[in-house]
Every structure is written in C-alpha cells, then in structure tokens.
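Here are my notes from a browse through this model. I looked at a strand, a helix and a few loop residues.

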Amino acid sequence: MSDNTTELDFGTTAQKATDGEKLPVVLLALDQGKYDMARSLDELRALADANGMDAVAEVVQKRATPEAATLLGEGKVAEARLVCQNVNAAAAIFDGELTGSQIRNLSAALQVEVLDRTMLILEIFRARATTNEGKLQTELATLRYQLPRLQGLGESLSRQGGGGGGGGGARRGAGETKLELDRRHLHHRIEHLEGRLKELEKRRGETRRARQKNNVPVVALVGYTNVGKSSLLNALCGEQIFEADMLFATLDPTARKLVLPSGLQIILVDTVGFVSRLPHHLVEAFKSTLEEAAFADVILKVADAGDAQAAEQLAVTDEVLGSLDCEGIPQLVVYNKCDRPNAVAFDPDILLTSAKTGYGLPELLAKIDEVLNHRVRTIEIVLPYDKLALADILRSRGSVAAEEYREDGVYYRATVKIDDLHRFEEYLI
C-alpha cells in the first residue's frame with residue numbers, strides 16, 4: 001500500500017462529497033451548555049460546506065446527561081430519523097466526537113451514514129493535503145482515530161468467525177477475526193507512518209538549523225482557519241498559493257522569502273489553521289508542521305476583523321500556541337479583512353490589514369521591522385577594489401540602498417545583519 005493511501009475509510013459519503021456534488025446532510029448536536037452551540041453549529045456547517053456538503057437541517061437537543069448509546073435521547077433520535085428521511089439526507093454529522101458503538105447505533109437508528117466532527121475535519125485534511133508530509137500526517141491522524149472505533153465504522157469491519165468443521169465433527173480453533181486483522185494492520189501501518197514522519201521531521205530540523213546558521217529570521221502566520229493567512233502571504237510576498245473563502249483552504253505549510261523596508265530578509269511561513277475544539281490528537285499529528293511557529297522569531301496571530309467572534313478566534317489560537325511552548329516569542333495581533341462592510345472598528349494602534357486592498361500592509365511590515373530591529377544596522381562603507389567579494393555578503397545577507405564607484409573603491413549604503421557587522425568595520429565611513 002502506498003504512503004498516501006488509507007486502506008480503511010470512514011465511509012462513502014465523505015468521498016462522494018469531494019467529487020463536486022453537494023450532498024444534503026443533517027447536523028446533530030447535544031447542547032449541554034458547555035459552549036456556544038449556535039457558533040459551533042455555524043462552524044460545523046462551514047466545515048461541511050468545505051467538504052462539498054450542504055447542511056439542509058439540524059437537530060439539537062438540550063440535555064444535561066448524554067444517552068450512553070446514542071448521546072441523544074430516544075425521542076430526539078426518532079425525530080432526527082424523520083428529518084433525514086424528509087430531506088433525503090446522505091449523511092448525518094454529529095457536532096462532537098462519537099465512539100465506535102455510538103456511530104454504529106446512530107447509523108442503524110437513522111439509516112444514514114453518520115460522521116462526527118473529527119471525522120469530517122480529517123476528510124477535509126485528506127482532500128487538501130498536497131505535500132508528502134501533509135498526506136502522511138493526515139493518514140496517521142486518521143488511523144489513530146479509527147483504531148479504537150473499528151467495531152463501529154461499518155459492516156465491513158464486523159467480526160468474522162474462523163476455523164471450520166473437520167472429520168468426525170472435530171473443529172479447529174476460531175482463528176483470527178477480521179477485527180483483529182484490521183487492528184493488527186493499523187498498528188503496523190501507524191508504526192510505519194511514525195517512522196516516516198520522524199525522518200521528515202529530521203529533515204525539517206536540518207532546514208531550520210540552516211536558517212538559524214544563516215541568521216534568517218522566521219515570521220510565522222498563525223490563526224483560525226479562513227482568516228486570510230494565505231491571502232496575506234500572497235499580498236506580502238507576491239507568491240501565489242491557493243486561497244479560498246472556506247475552512248482549511250490550505251493545509252500544508254508554505255514558506256516564502258520577504259524583504260522588509262529596512263532591507264532585512266526574512267522567511268514568512270503560513271501554517272495550518274485552527275478551529276474551535278480542535279481535538280488534541282489532531283494537534284499532535286500536525287505538531288511537526290505547527291512547530292514552525294514554536295521556532296519562529298515573530299508570530300503573527302491573524303484574526304478576521306469582520307467576525308464578531310474574533311476574540312474567540314484569538315483564544316483558540318492562544319490555546320494551540322500554548323500547547324506548543326511558544327511563550328517568550330514576540331507576538332503581533334493582526335486583524336485582517338478590515339475591508340469588509342461589517343468589519344469591527346478597533347483601536348488605531350492595533351494592526352488592521354486587508355490582503356485584498358493592501359490596506360495596512362506597510363504598517364505591518366514596519367511593525368515587524370521594529371520588532372526585529374536588533375538584527376540589522378544601516379552602514380556606509382567604501383570597499384577597496386580588491387575587497388569587492390564582501391559586496392556579495394551585502395547583497396545576499398543584507399540589502400544595498402546606494403552604490404557609487406569612486407577612485408579609492410566602491411561606496412555602499414547598505415543594511416547588514418549585526419552578526420556581519422564586524423566584516424565591514426574597517427571600511428566604515
């Protein structure tokens with residue numbers, strides 16, 4: 001089996017949804033008063049839309065204690081079944097995590113395929129991953145999620161008796177069940193994927209050390225999914241990576257070079273977005289990717305200026321960053337999409353940007369420069385003609401603002417890194 005394929009799938013509906021056909025689905029939720037249910041369902045609806053599904057109805061039950069077998073009560077399950085039949089739903093999506101037996105029980109009761117919130121996110125990840133590492137991480141997260149749920153993920157995973165009849169009525173042992181075979185296969189596959197990802201993580205570490213050796217600062221874009229991180233990267237760097245107004249439009253991290261107004265060259269990194277209640281095992285699966293933020297020199301926390309829940313988005317971002325030990329790294333809050341009509345007015349000292357119109361981008365770059373100003377120095381020098389090899393350092397590790405050929409050498413006004421300053425001290429004007 002190839003490294004990019006998961007042999008055991010959740011079901012068929014999520015796969016069909018990626019073919020461009022909008023499939024009708026019903027959203028299910030148990031409201032125990034632990035979080036904003038309306039907000040959570042809006043997000044689940046957006047997740048379904050990102051996976052090619054159309055949430056045509058929802059069934060919510062307020063209940064302090066969940067029903068063990070189905071989470072929802074018997075009457076509410078019966079109501080959900082009628083709703084699914086009336087709208088000809090292809091699937092029902094539960095706003096939370098389900099056990100294998102709960103998936104099986106709800107599927108049998110509703111007579112449609114049942115997905116939970118995490119399964120839906122994993123399907124989106126599977127469809128959006130483009131790099132080898134992203135595909136491996138997605139498959140690993142999927143298999144880890146499937147492992148304790150094998151019994152509930154479909155009839156194809158049901159137990160099958162082994163053995164058979166022998167002469168004279170003798171019988172052999174029961175043999176290995178289908179469930180045990182599936183579980184053993186998943187364990188082997190998980191071990192293989194973990195090994196592959198460790199190799200890729202080692203390479204990522206080597207790349208990171210090369211950046212540190214060259215003293216190239218890294219600025220990481222982090223934040224809630226669909227706040228415009230990829231659009232910001234495109235607007236700042238002029239590089240076109242995929243962007244769209246949907247959750248998890250991009251999954252794999254992207255790094256681009258960017259020269260700040262001071263002349264300092266940095267690496268701008270776009271990371272995978274977050275959602276509220278992002279399961280811990282998904283954070284763990286993508287930790288090597290998210291660690292780009294943990295090793296950054298500056299973190300840009302991006303929120304949607306047009307979203308009334310921007311503060312909640314930032315809280316989710318802070319929660320994930322906290323799990324990655326990002327304390328001590330300078331962090332700037334950026335409210336993007338301020339061009340939208342419903343954008344909230346903020347304090348003028350807060351960074352407001354619009355990747356679409358370019359508003360606020362110069363101020364953002366200047367602020368990054370200010371945070372990193374201890375890294376560079378503007379100098380004026382005259383290099384003798386036999387020392388012009390040093391000019392390559394000016395251009396490759398700094399920037400040249402002015403150049404003039406003179407009798408005694410070449411005059412430069414340039415920006416250099418503090419670490420390179422000693423190379424030019426004897427030529428300073």
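**Entry 1: strand S1 and its partners**

I began with strand S1, which runs parallel to strand S3 (residues 91-94) and is joined to it by four bridges. I call two strands paired if DSSP finds at least two bridges between them. Helices (H or I, at least four residues) and strands (E, at least two) are DSSP runs, numbered from the N terminus.

Before going on, I noted that this is a predicted model, where local features need pLDDT of at least 70 and side-chain atom pairs count only at pLDDT 80 or more, while totals for chains, interfaces and linings use all residues. Residues are numbered from 1 along each chain as its sequence is written, and side-chain values use heavy atoms, with hydrogens and water left out.

Together, S1, helix H2 (residues 37-50) and S2 form a right-handed β-α-β unit. Right-handed here means that, with the strands pointing away from the viewer, the path from the first strand over the helix to the second runs clockwise.

How many of the nine residues of S1 (residues 23-31) are buried? I found eight, so the strand is largely enclosed by the rest of the structure. Buried is under 20% relative accessible area, exposed over 50%, and partly exposed in between (1.4 Å probe, protein chains only).

**Entry 2: helix H13**

In H13 (residues 390-397), I listed Leu-390, Ala-391, Ile-393 and Leu-394 as buried. Seen down the helix axis, the buried residues fall within an arc of 155 degrees, so they line one face of H13. The arc is taken from the directions from the helix axis to the C-beta atoms. These buried residues pack against strands S11 (376-383), S12 (399-406) and S13 (409-417), with contact meaning heavy atoms within 4.5 Å.

**Entry 3: three loop residues**

I found Asp-307 in the loop between strand S8 (298-304) and helix H11 (310-323). Asp-307 is buried at 18% relative accessible area, and it touches Arg-39 and Gln-313, leaving aside residues up to four places away in sequence.

Gln-111 is not a glycine, yet has a positive phi of about 60 degrees. Gln-111 sits in the loop between helix H4 (100-110) and strand S4 (113-116).

Lys-337, also not a glycine, has a positive phi of about 65 degrees.
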